[in-house]
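Open the model in your viewer and keep the selection tool at hand. This tour goes from one selection to the next and says what is there.

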Amino acid sequence: MEVEWVTERLRDVCVTITDGAHNSPKEEPNGLPMASVKNLTRHGIDLSGVKRISAEDFARLKQQGCMPLPGDVLIAKDGNSALDTVCIQNSATEVVLLSSIAILRPNNKITSGFLRYYLDAPQTRRMLKEGYRSGSAIPRVVLRDFRLAPITYPPLHAQQAIAHILSAFDDKIDLNRRMNQTLESMARAIFKSWFVDFDGCTVFQDSELGKIPKEWEVGTISDFASVNPESWTKKNHPKSINYVDLKNTKNGVIQKTERYNFTDAPSRARRILKKGDTILGTVRPGNRSFSFIMEDGLTGSTGFAAVRPFSVAFREYTYICLTNDDSIEHFAHIADGAAYPAIRPEVVSTFPIAKPPDELINSFNAVAAPILLKVHNNHVQDRSLSQIMDTLLPKLISGELRVPDAEKMAGEVL
């Protein structure tokens with residue numbers, strides 16, 4: 001039996017469609033959280049880097065309706081990511097929002113899950129960008145117009161079934177993401193214990209890095225790796241490349257790559273990347289655009305320093321040396337330039353680090369390599385799940401694919 005789909009406007013299926021504060025209060029480091037579009041992810045609001053404001057300002061903005069409630073659907077409203085990021089406010093954690101995020105509160109006609117996936121569907125995003133986004137320098141959505149956008153939806157039981165199927169993929173991807181955060185934290189904790197806190201060492205010497213164990217030396221990254229060893233040239237390049245850029249690389253995760261014919265690729269798509277390389281963003285290094293490369297066949301932006309260890313044993317040590325919090329803070333501090341602060345590749349090459357005995361580095365490789373391999377395998381699984389979800393989402397949201405058929409597909413891979 002075919003279910004009947006209804007077409008209305010967003011304002012007809014929402015109790016309210018609003019946004020956050022249009023003025024940003026003064027920052028209070030120990031205050032309450034205030035999020036903007038840069039803190040929005042498809043899994044919810046990332047509170048780790050949010051601005052903090054005073055309790056008085058927080059209470060005032062909460063009273064004005066700038067705090068989302070559990071079940072609200074949030075979508076990026078302003079900036080380059082406008083309409084690209086959408087999620088459900090599932091947590092009861094209290095946070096107020098800036099106006100760069102729109103808040104949609106569904107009524108009894110529609111479920112939060114279906115509304116979220118409807119707005120996340122490629123065909124919906126294209127329609128909304130073409131008809132409801134304005135501005136070229138800074139794209140933005142005008143809520144007065146956005147409320148009039150069409151939405152086609154089935155009865156509630158079908159909405160719930162569709163959202164259940166799609167959320168199963170999202171939940172698995174989110175579980176892998178959180179597992180990877182734990183795994184990488186483990187590797188970094190071991191690094192800190194062995195190479196920063198020097199646990200177990202009792203005899204020390206003074207050095208330019210401070211006190212280090214007696215038998216250690218001070219060296220640079222160039223003692224362990226080469227920087228930017230290979231680049232594609234006009235005469236020496238493949239027909240196509242799988243491109244990694246800075247904006248899609250964050251905190252060790254390459255969120256997506258772009259496939260190009262080499263002649264159509266951005267001019268900065270030149271760095272040849274190989275398994276075991278560390279890539280570190282040299283433009284605005286404080287943005288934490290870095291990752292550990294675990295597969296061959298990728299091409300990186302010239303905005304990265306591509307660091308290739310001389311030995312397999314040096315891979316994990318080099319990666320964490322360059323990307324721990326202290327290193328990133330150092331690179332951000334010394335970056336030159338007002339509009340685009342950057343560091344030169346030679347700054348990475350000459351970055352001073354401790355030189356422990358080879359046997360200690362070998363031991364760290366033996367412990368850390370399996371951890372980072374598991375992180376990589378989870379990323380590979382996530383890519384596969386995302387591809388399947390990308391196939392299912394537009395077909396389910398449009399009614400092209402029947403729910404029982406989608407449930408069968410999902411059951412085979414989850």
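Begin with strand 2 and strand 10 (residues 101-106): five bridges join them, and the two run antiparallel. Keep in mind that this is a predicted model. Within this pair, select Asp 19, whose bridge partner in strand 10 is Ala 102.

**A stop at Leu 83**

Stay with this sheet and select Leu 83. Leu 83 sits in the loop between strand 7 and strand 8. Is Leu 83 buried or exposed? Its relative accessibility is 1%, so Leu 83 counts as buried, the cut-off being under 20%. Check the backbone too: phi of Leu 83 is near 75°, a positive value in a residue other than glycine. Most residues other than glycine have a negative phi.

**Helix 2 against helix 3**

Which residues meet here? From helix 2, select Tyr 118, Leu 119 and Asp 120. From helix 3, select Pro 122, Thr 124, Arg 125, Met 127 and Leu 128. Colour this contact by residue class: five are nonpolar, one is polar and two are charged.

Move to strands 6, 3 and 9. They form an open sheet of three strands in the order 6-3-9, with mixed pairing. Strand 6 (51-53) and strand 9 (96-97) are the edge strands, and each pairs on one side only.

Zoom in on strand 3 (residues 27-35) and strand 9. These two pair in the parallel sense over two bridges. Select Met 34, then find its bridge partner in strand 9, Val 96.

**Strand 1 with strand 13**

Select strand 1 (residues 6-9) and strand 13. They pair in the antiparallel sense over four bridges. Arg 9 stands opposite Pro 150 in strand 13.

Now show the side chains of strand 13 (residues 150-153). This strand has a covered face made of Ile 151 and Tyr 153. Pro 150 and Thr 152 make up the uncovered face.

Select Arg 284, in the loop between strand 23 (278-281) and strand 24 (290-292). Arg 284 is not a glycine, yet it has a positive phi of about 50°. It is partly exposed, with a relative accessible area of 36%.

From Arg 284, jump to Ala 342. Ala 342 lies in the loop between helix 7 (325-334) and helix 8 (345-349). Draw a distance between the two C-alpha atoms: Ala 342 and Arg 284 are 58 residues apart along the chain, and their C-alpha atoms are separated by 5.5 Å.

What else does Ala 342 touch, leaving aside its neighbours within four places in sequence? The contacts are with Thr 282, Val 283, Arg 284, Ala 335 and Asp 336. Ala 342 is partly exposed, with a relative accessible area of 23%.

**Zoom out**

Finish with the whole chain in view. Its secondary structure comes to 10 helices and 27 strands. The radius of gyration is 24 Å, close to the 22 Å that the globule rule gives for 414 residues, so the chain is as compact as a globular protein of that length. Taken along the principal axes, the C-alpha atoms fill a box of roughly 75 × 55 × 40 Å.

Colour by accessibility: 48% of the 414 residues count as buried. Then show contacts between residues at least 6 apart in sequence: 75% of them join residues at least 24 apart.

Conventions: Residues are numbered from 1 along each chain as its sequence is written. This is a predicted model: local features need pLDDT of at least 70, side-chain atom pairs count only at pLDDT 80 or more; totals for chains, interfaces and linings use all residues. Side-chain values use heavy atoms; hydrogens and water are left out. Contact means heavy atoms within 4.5 Å. Ala, Val, Leu, Ile, Met, Phe, Trp, Tyr, Cys and Pro count as nonpolar, Asp, Glu, Lys and Arg as charged, and the others, Gly among them, as polar. Buried means under 20% relative accessible area, exposed over 50%, partly exposed in between (1.4 Å probe, protein chains only). Two strands pair if DSSP finds at least two bridges between them. The radius of gyration is taken over C-alpha atoms; the globule rule is 2.2 Å times the number of residues to the power 0.38.
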